[in-house]
Amino acid sequence: MVPQDADHDMYLVLLNAFGTWVGRAWRETDDDEGTYREMLIRDLLHGVYSHPVRIVAFNTAEGWSRNITTEIAAELKQRRDEGESIPTSVQHLLEIGGG
């Protein structure tokens with residue numbers, strides 16, 4: 001899970017893929033085209049992730065990591081308010097982002 005070019009932000013998405021009683025799985029974002037925030041949001045809008053419950057960003061070159069679930073949820077809410085369709089599998093994130 002170490003990026004080839006570590007000098008950019010990476011994203012991990014925690015999926016509730018198996019139901020809460022069985023467990024959860026982490027899924028990496030795609031590194032082929034660069035793991036940028038906009039690509040993550042595009043993938044969420046296209047239903048690439050099924051039932052994400054937490055999104056973590058990290059940058060190994062800068063030595064930080066943080067939970068950005070609320071930030072991404074707010075961005076999804078803004079896009080919904082601008083008319084974008086939000087897949088059912090990620091609509092629960094809108095509640096995290098305030099509505």
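Trainee: What percentage of the 99 residues in the protein chain is buried?

Mentor: Buried residues make up 38% of the chain. Buried means under 20% relative accessible area, exposed means over 50%, and partly exposed lies in between, with a 1.4 Å probe and protein chains only. This is a predicted model: local features need pLDDT of at least 70, side-chain atom pairs count only at pLDDT 80 or more, and totals for chains, interfaces and linings use all residues. Residues are numbered from 1 along each chain as its sequence is written, and side-chain values use heavy atoms, with hydrogens and water left out.

Trainee: How many helices and strands does the protein chain have?

Mentor: Three helices and four strands. From the N terminus on, they run β-β-α-β-β-α-α. Both kinds of element are DSSP runs, numbered from the N terminus: helices are H or I with at least four residues, strands are E with at least two.

Trainee: Take β1. How many of its residues are buried?

Mentor: Six of the six, so β1 is largely enclosed by the rest of the structure.

Trainee: Which residues point one way from β1, and which the other way?

Mentor: Met-10, Leu-12 and Leu-14 point one way. Tyr-11, Val-13 and Leu-15 point the other way. In a regular strand the side chains alternate between the two faces of the sheet.

Trainee: How many bridges join β1 to β3?

Mentor: Six, and the two strands run antiparallel. Two strands pair if DSSP finds at least two bridges between them. Leu-15, for one, has Pro-52 in β3 as its bridge partner.

Trainee: And Leu-12, buried or exposed?

Mentor: Leu-12 has a relative accessible area of 13%, so it is buried.

Trainee: New topic. Which residues touch the most other members of the largest nonpolar core?

Mentor: Leu-40, Leu-44, Ile-55, Ile-72 and Leu-76, in a core of 18 residues. β1, α1, β3, α2 and α3 (92-96) each supply at least two residues of this core. The largest share, four residues, comes from α1. A nonpolar core is a set of buried Ala, Val, Leu, Ile, Met, Phe, Trp, Tyr and Cys residues joined through side-chain atoms within 4.5 Å. In soluble globular proteins, nonpolar side chains tend to be buried together.

Trainee: What is Leu-76 in contact with?

Mentor: Leaving aside neighbours within four places in sequence, Leu-76 is in contact with Ile-41, Leu-44, Leu-45, Ile-86, Leu-93 and Leu-94. Contact means heavy atoms within 4.5 Å.

Trainee: Which residues of α1 are buried?

Mentor: Met-39, Leu-40, Ile-41, Asp-43, Leu-44 and Leu-45, in a helix covering residues 37-45. They pack against β1 (10-15), β3 (52-59) and α2. Gly-47 follows α1, with a positive phi near 75 degrees.

Trainee: Why does Asp-43 count as buried?

Mentor: Because its relative accessibility is 10%. Apart from neighbours within four places in sequence, Asp-43 is in contact with Val-48 and Tyr-49.

Trainee: How many salt bridges does a search of the whole structure find?

Mentor: Seven. A salt bridge is a side-chain nitrogen of Lys or Arg within 4 Å of a carboxyl oxygen of Asp or Glu. Arg-37 forms one with Glu-71, the closest N and O atoms being 2.9 Å apart. That pair links distant parts of the chain: Arg-37 is in α1, Glu-71 is in α2, and they are 34 residues apart.

Trainee: How far apart are the closest N and O atoms of Glu-75 and Arg-37?

Mentor: 2.7 Å, in a salt bridge. Glu-75 lies in α2 and Arg-37 in α1, so the pair ties together parts that are 38 residues apart in sequence.

Trainee: What does Glu-38 form a salt bridge with?

Mentor: With Arg-79, and the closest N and O atoms are 2.7 Å apart. Glu-38 lies in α1 and Arg-79 in α2, so parts 41 residues apart in sequence are tied together. Glu-38 is partly exposed at 45% relative accessible area, while Arg-79 counts as buried at 17%.

Trainee: Which residues do salt bridges that share partners join into one network?

Mentor: Arg-37, Arg-66, Glu-71 and Glu-75.
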